[in-house]
Amino acid sequence: MVEIELFRTSGNLIITREIDVAKNQSLWYINKKSTTLKTVEEKVAALNIQVGNLCQFLPQDKVGEFAKLSKIELLEATEKSIGPPEMHRYHCELKNFREKEKQLEEYENVRQEYEEVKLARDRVKDEVRKLKDGQIPITHRIDEIEKQRHTLEARIKAKATDIKETSQKCKQKQDVIEKKDKHIEELQQALIVKQNEEHDRQRRISNTRKMIEDLQNELRTTENCVNLQPQIDAIIIDLRRVQDEKAVCESEIIDKHKERETLEKEKKSVNDQIVQFDNLMNQKEDKLRQRYRDTYDAVLWLRNNRDRFKQRVYEPIMLMINMKDHKNAKYIENHIPPNDLRAFVFESQEDMEVFLKEVRDNKKLRVNAVIAPKSSYADRAPSRPLNELKQYGFFSYLRELFDAPAPVMSYLCSQYHIHEVPVGTERTRERIERVIQETRLRQMYTAEEKYVVKTSFYSNKVISSNTSLKVAQFLTVTVDLEQRRHLEEHLREINRKLQAVESGLIALRETNKHLEHRDNELRQKKKELLERKTKKRQLEQKISSKLGSLKMMEQDTCNLEEEERKASTKIKEINVQKAKLVTELTNLIKICTSLHIQKVDLILQNTTVISEKNKLESDYMAASSQLRLKEQHFIELDENRQRLLQKCKELMRRARQVCNLGAEQTVPQEYQTQVPTIPNGHNSSPPMAFQDLPNTLDEIDALLTEERSRASCFTGLNPTVVAEYTKREEEIEQLTEELKIKKVELDKYRESISQVKERWLNPLKELVEKINEKFSHFFSSMQCAGEVDLHTENEEDYDKYGIRIRVKFRSSTQLHELTPHHQSGGERSVSTMLYLMALQELNRCPFRVVDEINQGMDPINERRVFEMVVNTACKENTSQYFFITPKLLQNLPYSEKMTVLFVYNGPHMLEPNRWNLKAFQRRRRRITFTQPSQ
């Protein structure tokens, strides 16, 4: 059963709720009389108590939801909590008025658009008719020109045939003349060849005689080469010695190449092993990227910007930890929370602020960061040596299960006491009760479980809890850093050996190059001596050969004069035949030229005709294109007119429903079809029946004639048509009246909106300004900054108005809107509490309840906020304030206007009927008096 007593000037309300767990139902009572839940809610609402309003009732689990409230929701909650009773009602009326106004405005806009489209369609229809009439003369002229063009083309074809025949005859004559020219050229060429051959023979005879003379002179000057053999033998001996040295050098080069290949293979093997170790590290980074993408992106940013930090910054702890045995990874992951496993470790507070500003504020990444202790905890010895615990099955402390950099290890030792938490086996679990009693360890691990031991603050009993270990996910990849270091040293030794082998190869190549050069020199000397030894015999053979060639050339003679006389006679005969052919060709060319002149004249006439035809066709195509565009425009306008007409009818029906207009109400005069402006710029207002008539007498006479002809075609009048006309006329009158009423209704709505807006917006702005003044004052007293303002994008969208809260807790940052993501949990709690404090003096609700809001705050902020709560809640003319918390800091300020209630609970608590507060006070005074004598 739950009972609450509410103060009321006319008499207090006692609300009782009895809960029947077995039947799953509740019974409600007011002042001991049975009632219903609805009645209870009405009584509570009458006292302005809003249980669902987070500005009045804020339980611990709703603090996060307060930060999630949108600006619009926060405005409504504030209006209900501290605004006058009519403020929220005015706000709702404004939103309803604005919705009706939009409905009426939409109908008027569509109706005007319909009238404009209708006028445009009529103009386009007239333009289409004019374009069709203008195309008829162009079509007739094009047909006449086409006939004339066909006649000219026939005459041109006849001339072309005559020209072709004459040109063929000219071509035949030209071919015969070319053959004659070619024959003459061949005769001349043959004569030139014989002349060149004779000149060449004479030149060769002269050259051969000179060569024989030079060889004979050289033969006379050649020395006796009998004594050259000893020099040749000495060179052969030196050549063999150089070749032997060269063979030895090349053998050494081959050995060095083999040694280098062996070292290269060994180097590749060591590199492959190092890559395998690096791949294991990449596996850990892949797991981080898949699970915590923001943290992974921050790691990449850190690697590229390490120069921005004064001291060393360590990557997330899960990347820094290297398990000695991957089977033990489950102990570490169950002991260290995931938020710290993915936290960056800093040695400097300044470096951490730079990192968080860049990564968390600018890049919007959700990352964690911690600071390593200034004094190292990494090498601290455990309070109990491991040898004392081995009898219980413990084989190691958590710290000895992995390797990590000293600052990371120091942070884990100081924060999670990994140097004090032992790890045991299944043997430990079997005797766990004895272990808990004898060792007094606060935390320990067995093979598959974690045990936590606590001492009750109330009963001083030892309470233990155990949980099953979760499977390790991140630290299962193990890298043997010692082996990797040995591999790197081995790689450096291999590189040193490779460098030595390469130096040896360079020296051997230089030696081999020198021997090669010496070998070439000896071979060249040997070749020169052998050539000197055989030179005399070779000269005698050459002289004999040249004398034979000279004799043959002198015997081969030619008579050039006879050959020239024969060629001249043949050329004269051919030239006589060629002259006759040229005369015939000249006559044919004259005939062909005359035919070409006649053809060109016909082509010019045809070109003129075609040009005129093309111009007419171009004009015709342009007119046709314009006609198609106008016809398409006419169709689109007509379709648009039909669509707008249907839309007008639909909007009229919807507007009638919104404004509650009856079917008999008519449209106002200003909403009827507007009279268009005539070309002279004056607005005429003839009767509606004359608006569609022409403006001139000639056009009116033509229209009368057309209508008389149309009327003469009717043999009788259909009664149905008359009835339809009458019906449409009545509909037009009805729609006119409806438009008039809608115009009046729209003006009323706009006037109502203006009045309600003034009564709602001005008090609201004053209220928000008061809230902002107090909110900013509270924040400035905490050396922070905050402000509250009324936010909207469009002043006429009343459903978009909202209250925006912006705060900043560090001087280096800008004001940021309060959201569930940007601020930490403690910062959101402080902001929420100070906003509620700002509402306290303005509040018209009877009381406010806040539950455990100080649990997420650090001690400094918790003390400051508590002082503000006391100062604000204890002022005159403020509502009652309930602050529920499981704990408070020591030496907090209290006021005489405060009432402190303690709720005691525990296994040894007295029964309610045995509770005697006076007896407790007497006992306390007795203990106080007896303490000095002791």
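1. Directly after helix α15 comes Arg440, which has a positive phi near 60°. Helices (H or I, at least four residues) and strands (E, at least two) are DSSP runs, numbered from the N terminus.

2. This is a predicted model, in which local features need pLDDT of at least 70 and side-chain atom pairs count only at pLDDT 80 or more, while totals for chains, interfaces and linings use all residues. Residues are numbered from 1 along each chain as its sequence is written, and side-chain values use heavy atoms, with hydrogens and water left out.

3. In α15 (residues 432-439), the buried residues are Ile432, Val435, Ile436 and Thr439, where buried means under 20% relative accessible area and exposed over 50%, with partly exposed in between (1.4 Å probe, protein chains only). Viewed down the axis of α15, these residues fall within an arc of 100°, so they line one face of the helix; the arc is that of the directions from the helix axis to the C-beta atoms. Glu433 and Gln437, on the other side of α15, are exposed.

4. The buried residues of α15 pack against α12 (386-389), α14 (426-430), β13 (443-445), β14 (449-455) and β15 (462-468), contact being heavy atoms within 4.5 Å.

5. Lys330, in helix α9 (residues 329-335), counts as buried at 17% relative accessibility, and its side chain reaches the backbone oxygen of Ala447 at 3.0 Å.

6. Thr16, in strand β2 (residues 13-20), is buried with a relative accessible area of 4%.

Notes. A polar contact is a pair of N or O atoms within 3.5 Å; within protein, one must be able to donate a hydrogen and the other to accept it, and residues adjacent in sequence count only if both atoms are side-chain atoms.
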